[in-house]
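Trainee: I would like to request a close look at a single part of this structure. May we examine it together?

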Amino acid sequence: MLLSGVSFAVIEGGLVTAIASAVVVLIAGLKVRLIMVYFMELKSVPRNWQVMYTVWIIAASALLMIGNVVAMVKG
């Protein structure tokens with residue numbers, strides 16, 4: 001809940017769009033990781049699966065941020 005509040009505050013606080021969107025994507029990635037570890041019980045699976053899911057979260061977040069930057073440059 002705290003992370004959702006921080007995301008809202010960043011967007012509504014008027015930070016530069018690129019910085020605000022990067023912060024929101026990073027917070028979303030952190031929330032996904034927390035859900036995977038505690039709700040989906042990822043902490044009880046073998047270590048290589050944990051690493052794979054973490055790399056997937058990082059890659060997905062990076063692609064979202066790169067796409068946002070490309071869109072802002074073209075836009």
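Which residues form a nonpolar patch on the surface, and how much accessible area do they have together?

Mentor: This is a predicted model, and the description below should be read accordingly. The nonpolar patch on the surface is formed by L30, L34 and Y38, which together have about 300 Å² of accessible area. Of these residues, Y38 lies in helix α2. Y38 counts as exposed because its relative accessibility is 54%, and the cut-off for that term is over 50%.

Helix α2, residues 17-39, is also among what covers the buried residues of helix α3. Those buried residues are Q50, I57 and S61. Helix α3 itself comprises residues 47-74. With 28 residues at 1.5 Å a residue, α3 should span 40 Å, and the distance of 41 Å between its end C-alpha atoms agrees with this.

The structure contains 1 aromatic pair. The ring centres of W49 and Y53 are 6.1 Å apart and their planes meet at 35 degrees, so the pair is tilted. An α-helix has 3.6 residues a turn, so residues three or four places apart point the same way.

Technical notes:
Residues are numbered from 1 along each chain as its sequence is written. This is a predicted model: local features need pLDDT of at least 70, side-chain atom pairs count only at pLDDT 80 or more; totals for chains, interfaces and linings use all residues. Side-chain values use heavy atoms; hydrogens and water are left out. Rings of Phe, Tyr and Trp (its six-membered ring) pair if their centres lie within 6.5 Å; planes under 30 degrees apart count as stacked, over 60 as edge-to-face and the rest as tilted. Helices (H or I, at least four residues) and strands (E, at least two) are DSSP runs, numbered from the N terminus. The expected span of a helix is 1.5 Å times one less than its number of residues. Buried means under 20% relative accessible area, exposed over 50%, partly exposed in between (1.4 Å probe, protein chains only). Contact means heavy atoms within 4.5 Å. Patches are made of residues with over 30% relative accessible area and no salt bridge: like charges are joined within 9 Å, nonpolar side chains (Val, Leu, Ile, Met, Phe, Trp, Tyr) within 5 Å. Accessible areas come from the Shrake-Rupley method with a 1.4 Å probe; for residues, only the protein chains shown count as cover. A salt bridge is a side-chain nitrogen of Lys or Arg within 4 Å of a carboxyl oxygen of Asp or Glu.
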